[in-house]
Amino acid sequence: MKYTLSILVENQAGVLSKISGLFSRRSYNIDSLAVGVTTDPTVSRITVVANGDEYVVEQLEKQLNKLIPVIKVKRLIEGEFISRELSLIKVHSSSTKRFELLKIAELMNAKIVDVAASTVTFEYCETAEKTQILIDLLKPYGIREIVRTGTVAIDKGKAEVTA
Amino acid sequence: MISGADIMVKCLEAEGVDTVFGYPGATICPFYDSLYDNTNIKHILVRQEQNAAHAASGYARACSRPGVCVATSGPGATNLITGIATAYMDSIPMIAITGQVRSDLLGRDVFQEADITGACEPFTKHSYLVEKTEDLPRIFKEAFHIAKTGRPGPVLIDIPQDLQENEIESFEYPETVEIKGYKPNTNGHLVQIKRAVELIKSSKRPLIVAGGGVLSSGAKLKLQKFAEMTQIPVLSTMMGIGVMPSDHPLYLGMLGTHGRKSANSALHKADLTIVCGARLGDRAIAAPDQMGNKTKVIHIDIDPAEIGKNVKTTVPIVGDMNNVMKRLIENIDGYTIDSQWDEEVKDLKAHYQSKISTFDGYVEPRTLISKLSFMLKSKAILCADVGQNQIWCANNFRIREGRFLTTGGMGTMGYSVPAAIGAKMARKTRDVVVVCGDGSFQMSLNELSTIAQNNLNIKIIVMRNHRLGMVRELQDKCYKGRHSATILNDEPDFVALAKAYGIDSAEVSSNEEAEKFVKNIVESDKPFVLVCNVHPDTPSIL
């Protein structure tokens, strides 16, 4: 089971290592992790996408809550939040294939942000699932490099995660 | 103007600290200089830093205030780790203060530099690497608050040398603490407490399993009252020994792989288990995940992460044991225990009365420990080490109003002697006795020097069987009796060794002799090492 946790933490040195350390120590697997400051500069938000059964998620939430700099942990409910991930994908492209790649970009609503003699670079901001579809489409052309930010997520509607 | 080091001392004073345990070194020298002549705080110089942490643990457990240990950077700090980890696993409130290299040298791998906050990450409740001298009062205030509230645990404060030397305008100790992410829930949810009461009232065969949380929250008497009101029998974990007097009619002893058969048998038959301040690790209940299938479980703990971790729970109650017990007592009126269960438990207790076999020419440790209990004052503190000696003590020390200090969570050999030093510093008028094996004794016998230097009235009973007995038993059971590296032959003459440290000592080979010595030494105000020859085949349990 995949789940998304939204974690508010005090914006101080060492917090990220405390959190990532907790995952590895208790052998929980992380798919992605993204950090950024919130409207309150003393508070950061960490979005974690991880894998595990109900027992693992519950333990993880509780163990995260035990960390002193962790202010709040919320498990986002499937279907009730928006998630996005920014990816930069550099694909091998001979001049003959360039048109096909442009078509894929158009179809998937991705941007082409760099074109060179032998490469085309895509910028894509979507859910992790859609990003995977784009990657699968691009694979046959030869992907040179992928850089992904990790998923960030926010509740739909009025719901929010605040300190 | 006031220096960081002076501020550190003033913070400790403001927290009411009267004793610290430590070992100096270059980067913590400014603090030691401040300790030298402008404070009443007593410093106990241990002989290795790990023992400073164990002593702080013994101190904390004996007087229910955080223990403080101090070490220098690098090896001093890394030596503390086992002691810090022990306190973490045993949930003991502790402040560990370490010197660190100058802040401008941090990260350059200079002499005696170690990333101690990083290394201790998994073993501390929280840690601080101080960045500004101005932050010291707030950090000390927070550290003590975090260590002693909620589920107690060790907090590490790592302070670069230059921040101890820097001077700031003035010192003011904060009165309050504001930590956004730390607000332990102590009250216990009323709805859950009601559900628990209903569950107890509808149960036929209820049982209480009490752990260390009952002792650390100071709820021992409330738990006793609750048990007496309801007549529900009580088991304890290793860390919970002392929640009831051993001879209390409702007390069945310690549960677990090395516990009493009567206790385990009762647990097996219960239809409701009320778990109080215990995490129920694998030594308490070998297959805890199966427990909730047979019996309903009410789990009361200050740490929400413990609930549902090892045992399936019917009614979870997060809260301080004092508050929860108080509410349970108020609401349990009119409950009477099923007489059949009452009879059954009494039968169990009688059925499993221990029959102990003895070996001629050797001390029988279990009988001796049982006798020892009544030769000491009723508030005596017994510090047991780890190994067979721990099990002998856990099952045979007849505790009354005193304490039983051992490391049930971490199981660190060498704990007993330094823990006794801490306990004695906290409770000078109480009898403090160590029971250890010849293996565990040799892990911290350097502390005989600390005992002698401070003339601490601690009696040490070494159960010598020339074996690492607990591992040897395991080898007999699981490794076809291949005694790999568990024989301690050619040991030193412990009596001569103790005397070399200036501590009186004797060796005995029978219970009569041993008891005679114990009777005499408990009267004296000097330390003593009693070496008891124990037959290698004396088992941990029956």
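**A tour of the predicted model**

Begin in this predicted model by selecting β2 and β3 (residues 43-51) of chain A, two strands that pair in the antiparallel sense over 8 bridges. To see one of these pairings at the level of residues, pick A:N29, whose bridge partner in β3(A) is A:N51.

Now widen the selection to the sheet in chain A, an open one of 4 strands in the order β2-β3-β1-β4, with antiparallel pairing. At its edges stand β2 (29-37) and β4 (70-76) of chain A, and because each has a single partner strand, one side of each is left without a neighbour in the sheet. From one strand to the next, the twist averages 20°.

Next, go to A:N109, in the loop between α3 (98-108) and β6 (111-115) of chain A. Most residues other than glycine have a negative phi, whereas A:N109, not a glycine, has a positive phi of about 65°. A:N109 counts as exposed, because it has 11 C-beta neighbours inside 10 Å.

In chain B, select B:D109, found in the loop between β5 (94-100) and α5 (116-119). Its phi is also positive, near 55°, in a residue other than glycine, and B:D109 is exposed, with 10 other C-beta atoms within 10 Å.

Finally, display both chains together and look at their contact, which takes 14 residues from chain A and 12 residues from chain B. The side of chain B that touches chain A comprises 6 nonpolar, 3 polar and 3 charged residues.

Definitions and conventions: Residues numbered from 1 in each chain as written. Chains lettered and ligands numbered in written order. Predicted model: local features only at pLDDT ≥ 70, side-chain atom pairs only at ≥ 80, totals over all residues. Contact = placed C-beta atoms within 7 Å. Nonpolar A, V, L, I, M, F, W, Y, C, P; charged D, E, K, R; others polar. Pairing = 2+ DSSP bridges. Axes fitted to C-alpha atoms, helices over the stretch in contact; angles between N-to-C directions. Buried ≥ 20, exposed ≤ 12 C-beta atoms within 10 Å, placed from the backbone.
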